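User: I would like to learn how to read a protein model feature by feature, taking the general idea before the particular case. Could you walk me through this one?

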Amino acid sequence: MSPDRELVLVGAGGFAREVADLVVALNDAGPHRIRLLGAVADPLPEDGLMEARGVPVLGGLAELKAMPASVEYVVAIGNGDVRRRIVAELGDRTAATLVHPNAYVGGQVEIGPGAIICSHASVTSDITIGAHAHVNLNCTIGHDARIEEYATLSPLVGISGYVVIGAGATLGTGAVVIPHVTVGAGATIGAGASVVRDIPPHCTAVGVPAKVISAPTP
């Protein structure tokens, strides 16, 4: 982001608090600063945890819509389907891309708008990360992988080389995917699963090796 850009977080839950800390880390690392105006959420949280770290909850999504077009946003919500709906509602407003200063990003890596890469993630070489995808704490992504838009990688996910993670897919904590495997769009992979073969779109797979336990009704 350019110096003194203004940013609003969409979401005020646990992951949004982590993203607020990510913004602090970016500002500490410099040289450019991000002015975090606050967060918006529907419904409004009652726990006060966002305010406790100095980030006001400004109201619902309507508050962001009323702000000047120069104010950027990032959707700090773990559910990819919810992110997609919110992005559609916000239209042409600019989405920020946030990469924690402790993350490793190698050469020839393309990161889309609205994507978030958290602390100690490792994104090696010749990788594409789509718009509004989330790469959580301590994830590893091998060479020539493609993480499509709205995909969610939970903490400690391991993606090998030449893997494709389809749009809106969700991988649970500690899941691993071996090389040349495709996880279809909208699929869900359970925590700790080992994916050794392609997973069709919109299926749920769990276990070691991962097996499909539910699939869309024909």
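The dialogue below goes from the domains to the sheets and then to single sites.

Analyst: Please keep in mind throughout that this is a predicted model.

User: Let us begin with the overall division: which domains does the domain assignment of the chain give?

Analyst: The assignment gives domain 1, covering 5-96, and domain 2, covering 99-206. Taken over C-alpha atoms, the centres of the two domains are separated by 22 Å.

User: How many residues of domain 1 and domain 2 are in contact, and what is the area buried between them?

Analyst: On the side of domain 1 there are 19 residues in contact with 20 residues of domain 2, and the area buried between the two domains is about 1,400 Å², with carbon and sulfur atoms giving 63% of it. Within the area that domain 1 buries against domain 2, L22, R83 and R84 supply 37%, which is more than any other three residues.

User: How should I read a strand within a sheet?

Analyst: Strands of a sheet pair through backbone hydrogen bonds, and the pairing may be parallel or antiparallel. Here, strand β1 (residues 5-10) runs parallel to β4 and is joined to β4 by four bridges, with L7 having E72 of β4 as its bridge partner.

User: Are the faces of strand β4 covered or open, and which residues show this?

Analyst: The general idea is that in a regular strand the side chains alternate between the two faces of the sheet. In β4 (residues 72-75), E72 and V74 lie on one side while Y73 and V75 lie on the other, and as all four are buried, both faces are covered.

User: What is the strand order in the open sheet of five strands, and which strands stand at the edges?

Analyst: The order is β7-β10-β13-β16-β19, with parallel pairing. The edges are taken by β7 (109-111) and β19 (182-183), each of which has a single partner strand, so one side of each is left without a neighbour in the sheet. Inside this order, β13 pairs with β16 (residues 164-165) in the parallel sense over two bridges, and I147 stands opposite I165 in β16.

User: How does the open sheet of eight strands read by order and pairing?

Analyst: Its order is β5-β8-β11-β14-β17-β20-β22-β23, and the pairing is mixed. At the edges stand β5 (98-99) and β23 (211-214), and because each has a single partner strand, one side of each is left without a neighbour in the sheet. An antiparallel case is the pairing of β22 (residues 204-206) with β23 over three bridges, in which T204 has S214 of β23 as its bridge partner.

User: Where does UniProt place the feature "binding site"?

Analyst: In an unreviewed entry, UniProt places that feature at G78, a residue in the loop between β4 and α4 (80-90). G78 counts as partly exposed at 39% relative accessibility, and beyond neighbours within four places in sequence G78 is in contact with R83, H134 and T152.

User: Is S119 buried or exposed?

Analyst: S119 counts as buried, because a relative accessibility of 12% is under the 20% limit. This residue is in the loop between β8 (116-117) and β9 (122-123), where the side chain of S119 makes a polar contact of 2.7 Å with the side chain of H120. Not counting residues up to four places away in sequence, S119 touches H100, N102, L137 and N138.

User: What does A185 touch, not counting residues up to four places away in sequence?

Analyst: A185 touches G166, A167, P201 and H202 on that count. A185 lies in the loop between β19 and β20 (188-189) and is partly exposed, with a relative accessible area of 28%.

Note on methods: Residues numbered from 1 in each chain as written. Predicted model: local features only at pLDDT ≥ 70, side-chain atom pairs only at ≥ 80, totals over all residues. Heavy atoms only, no water. Pairing = 2+ DSSP bridges. Buried < 20%, exposed > 50% of the residue type's maximum accessible area, 1.4 Å probe, protein only. Polar contact = N/O pair within 3.5 Å; in protein donor to acceptor, adjacent residues only side chain to side chain. Contact = heavy atoms within 4.5 Å. Domains from an automatic or database assignment. Buried area = accessible area lost by both parts, 1.4 Å probe. UniProt positions renumbered as here; feature names shortened; annotations may be inferred.
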